[in-house]
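Have the model open beside you as you read.

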Amino acid sequence: MQKVFITIFAAILIILSSCIKGASVLPSVTGKAGEVLLVIDDPLWGNEIGDSIFNYFSQDVVGIPWDEPFYDVSRVDHDGFLKILLTARNIVDVDVSARYTQAKVQYFRDLYSETQTYVKIQAPNGKAVIELLGKEGEKILRFFYTAERKRTLSQYLKYNNRELVKQVFDSTGVEMVIPSNFNRIKWGKDCVWMMAGRSKSIQKNMVIYWYDYKHQDDFILENLVAKRDSVLKDNILGPVEGSFMKTGSFYPPVLTKFTYDSMFIAELRGIWEIEGDMMGGPFFSHSKVDQKRNRIVTIEGFVYAPSKNKRNELRQMEAMIFTAKFPESLN
């Protein structure tokens, strides 16, 4: 009997040990979305080197003509980089010392907290740091940006509006993550308009529309904008009779083309406005070819938040848009 007890007890210990090893012991990240903690010492901070580094990470967001930084940057020196700050969500650690013979950058995930992104820059002098940013800066920005998008999606997946996901797929053939706060929907001709909540101060909107694919010229900037204006004029009406949405002209839209998940994407960032009214705001869209149905599908998010920052709300919808795909069936 004693041997049996010892055997069972040993088995329990093994199971518990496995569970502990498999479980994460890291704390959650701290700070708000879009924040970067810059760890850099005083000799570098109070001069043009520090200004260049700060300005790089706080540069204006493309597609938002108002003054909104790409990241909200706070700064601490290494002596003040204590335990309470180690869990910050995005960290850039700049270490300048004569013991380094050349500049290099290292990328870390989950270093001190779950989902944390940590970039370590080592260089022999401040000038080398600036030169390194010129080479690696865009990669660092994408590193943080992608991590923020994944954090957003992890939350959205917990509260995915499965009923609306199915309705949208059945009517459009598009499957994507749609969080539960998107609770209003309007159906148009080859167009779906979804709205989140009923807040008057911040309104988030998602539009999906589609049309026949003819040739690659459909992805020229002028043609994408013309199609956008044509579709939204009929489907997104303003509060005043005869008013409608169109692409803003005072801030030209920016087109970027790339491949994501083996699919060509034409990405537009720009400003929308209401013809016949004073409303406006930023938009972000992906247009891609649905080869099974020989059509172009555009998924767009746009924000209306007068007198408020819009960067994070727009990025939340960007996270949704990146999940869009064209499966044969929705399980």
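Start with Glu-275 and Lys-246, which form a salt bridge whose closest N and O atoms are 2.5 Å apart. Glu-275 belongs to strand β11 (residues 263-275) and Lys-246 to strand β9 (residues 244-247), so this pair ties together parts that are 29 residues apart in sequence. How accessible are the two partners? Glu-275 has a relative accessibility of 33%, so it counts as partly exposed. Lys-246 comes in at 24%, and that also makes it partly exposed, because the buried label is kept for residues under 20%. Keep in mind that you're looking at a predicted model.

Now move along to Arg-293 and Asp-290, whose side chains meet in a salt bridge at 2.7 Å, N to O.

Next, have a look at Asp-190 and Lys-189. These two form a salt bridge as well, with 3.4 Å between the closest N and O atoms. The Lys-189 end is exposed, at a relative accessible area of 69%, because anything over 50% gets that label. Asp-190 is partly exposed, with 33% relative accessibility.

And how many salt bridges are there in total? The count comes to 15, among them the pairs Glu-275 with Lys-246, Arg-293 with Asp-290, and Asp-190 with Lys-189.

Key: Residues are numbered from 1 along each chain as its sequence is written. This is a predicted model: local features need pLDDT of at least 70, side-chain atom pairs count only at pLDDT 80 or more; totals for chains, interfaces and linings use all residues. Side-chain values use heavy atoms; hydrogens and water are left out. A salt bridge is a side-chain nitrogen of Lys or Arg within 4 Å of a carboxyl oxygen of Asp or Glu. Buried means under 20% relative accessible area, exposed over 50%, partly exposed in between (1.4 Å probe, protein chains only). Helices (H or I, at least four residues) and strands (E, at least two) are DSSP runs, numbered from the N terminus.
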